[in-house]
Amino acid sequence: MSAPAVGARGPDVDVDVVVVGAGLAGLTAARELVAAGLSVAVLEARDRVGGRMCSEPIGDGEVVDIGAAFLGPTQRRMAALTRSVGVETFPTYDEGESIVSLGSDLSRYSGLIPRINPVVLADAAQAMWRLDSLARSVPLEAPWQAADAERLDAQTFWSWMQSNVASARARALLELAIESVWCVQSSEVSLLHVLFYIHSAGGLESLLGTGGGAQQERFAGGSALVAERVAEELGERVRLGAPVRRIDDRDGAVTVAADGLELRGRRAIVALAPALAVRIQHDPPLPAARDQLGQRMPHGTVTKCFAIYDEPFWRAEGLSGQAISDTGTVSATFDCSPKGGVPGVLLGFVEGRRARELARLGEGERRAAVLEAFARLFGERARRAGGYVEQAWAEEPWTRGCYGGCFPAGGWYGYGHALREPVGRVHWAGTETATVWMGYMDGAVQSGQRAAREVSGALS
């Protein structure tokens with residue numbers, strides 16, 4: 001794509017707004033600003049749009065989503081955007097029994113409740129009820145203002161479990177939930193952050209569920225198609241291969257310097273995760289609170305692994321393809337076959353500590369470890385995959401981890417106030433700044449819409 005037109009707003013600026021990042025948040029912000037009649041340029045470091053949304057071809061016109069993949073029923077902003085650009089969704093395969101593996105035990109179950117010791121289930125259930133109850137007291141706009149926020153933020157989720165969950169197996173189930181949502185260990189995330197996320201999503205079941213939950217639907221043609229179609233609407237306003245290195249906010253305008261390009265705007269929106277936003281050089285320097293927030297909001301670690309088969313053989317065996325395991329390389333699996341069911345695609349999530357361990361292995365060793373985990377859960381046939389795709393997001397240079405940034409102990413209470421607060425003419429977007437469905441595509445859309453409103457209001 002060619003560079004955006006210049007000179008639209010007089011001799012002193014090239015465009016009204018320079019947007020940094022062509023992920024879902026940046027594209028949404030640009031789309032809203034164009035609709036409001038403002039001139040926009042979007043600068044993206046990668047050679048593609050979509051950010052943490054990325055689809056990989058697997059042949060015969062089919063793709064796997066190596067980035068964000070699922071859509072839940074309460075993620076209404078993302079659903080509306082998806083419809084508006086003509087992308088269809090379809091239900092995640094959720095028929096048959098699922099598998100739970102705790103320690104050496106492996107069992108199949110139907111519905112929402114695993115077949116494990118009822119005492120363990122009761123312990124996990126009371127903990128989930130307490131978490132949902134505590135989460136409702138956390139203000140979505142200002143978690144640091146929650147009653148007892150300092151105490152809640154001073155402890156990790158691991159330390160809370162030691163005092164509130166009696167059974168080691170129940171703690172293992174909750175540890176799996178932490179890995180699945182944040183891609184970290186329970187010792188690495190603040191209790192207040194977990195509570196905010198739960199409230200942001202409308203409850204733990206909404207976060208973790210398939211039917212009725214965040215994993216309910218998938219995108220025909222891949223989720224990245226949504227970002228690509230928004231970018232097509234924006235046309236030459238989007239410039240790829242232009243990593244932003246410096247932002248100067250002086251003399252009544254913002255100058256954004258990227259590789260091979262410099263643009264001057266009336267405002268800028270930085271639509272990057274906080275940990276990446278602080279890698280850009282700012283002049284004048286960012287306030288200490290905003291800079292240190294970025295230092296204290298690290299990304300999780302996840303590798304998405306796809307094994308491809310002639311058919312989804314587990315369906316004939318009465319299995320949904322969904323499993324959770326606290327043993328081995330893979331923590332959770334899904335049937336991610338295309339809408340037509342062919343080929344069969346089994347997705348395995350490798351998260352947190354397990355992802356860091358997997359990254360130390362060679363390519364062949366990684367594949368063998370993942371297929372070994374699949375074979376343990378679904379039988380020997382799972383070992384004989386015809387194709388294999390993996391994406392380690394911590395290795396991706398313009399992402400450096402997924403699914404998003406999360407606060408360790410002390411982060412929200414000490415620095416949360418700086419998360420969305422503009423700095424001069426620079427505004428912030430990105431799913432980490434969302435108040436609803438933070439960390440998800442829906443949160444990215446919300447953040448882009450909010451940043452566009454801020455900028456439109458400031459320029460009017």
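**Figure 1. Polar contacts of the Asp 335 side chain in the predicted model**. The side chain of Ser 337 lies in polar contact with that of Asp 335, at 2.7 Å. A further polar contact, also listed at 2.7 Å, joins the side chain of Asp 335 to the side chain of Arg 315. Asp 335 belongs to strand 17, which spans residues 332–335.

**Figure 2. Surroundings of Asp 335**. Asp 335 has a relative accessibility of 0% and therefore counts as buried, the limit for this class being under 20%. When neighbours within four places in sequence are set aside, the residues in contact with Asp 335 include Thr 92, Tyr 93 and Arg 218. Pro 312, Trp 314, Arg 315, Ser 320, Gly 321 and Val 345 are also among these contacts.

**Figure 3. Strand 1 and its pairing with strand 13**. Strand 1 comprises residues 15–20 and is mostly covered, with six of its six residues buried. Five bridges connect strand 1 in the parallel sense to strand 13, which covers residues 261–271. Within this pairing, Ile 269 of strand 13 is the bridge partner of Val 19.

**Figure 4. The β-α-β unit that contains strands 1 and 2**. Strand 1, helix 1 (residues 24–35) and strand 2 together form a right-handed unit of this kind. Strand 2, residues 40–43, pairs with strand 1 in the parallel sense through four bridges. Val 42 in strand 2 stands opposite Val 19, and Val 19 also has Ile 269 in strand 13 as a bridge partner.

How values were computed: Residues are numbered from 1 along each chain as its sequence is written. This is a predicted model: local features need pLDDT of at least 70, side-chain atom pairs count only at pLDDT 80 or more; totals for chains, interfaces and linings use all residues. Side-chain values use heavy atoms; hydrogens and water are left out. Buried means under 20% relative accessible area, exposed over 50%, partly exposed in between (1.4 Å probe, protein chains only). Helices (H or I, at least four residues) and strands (E, at least two) are DSSP runs, numbered from the N terminus. Two strands pair if DSSP finds at least two bridges between them. A crossover is right-handed if, with the strands pointing away from the viewer, the path from the first strand over the helix to the second runs clockwise. A polar contact is a pair of N or O atoms within 3.5 Å; within protein, one must be able to donate a hydrogen and the other to accept it, and residues adjacent in sequence count only if both atoms are side-chain atoms. Contact means heavy atoms within 4.5 Å.
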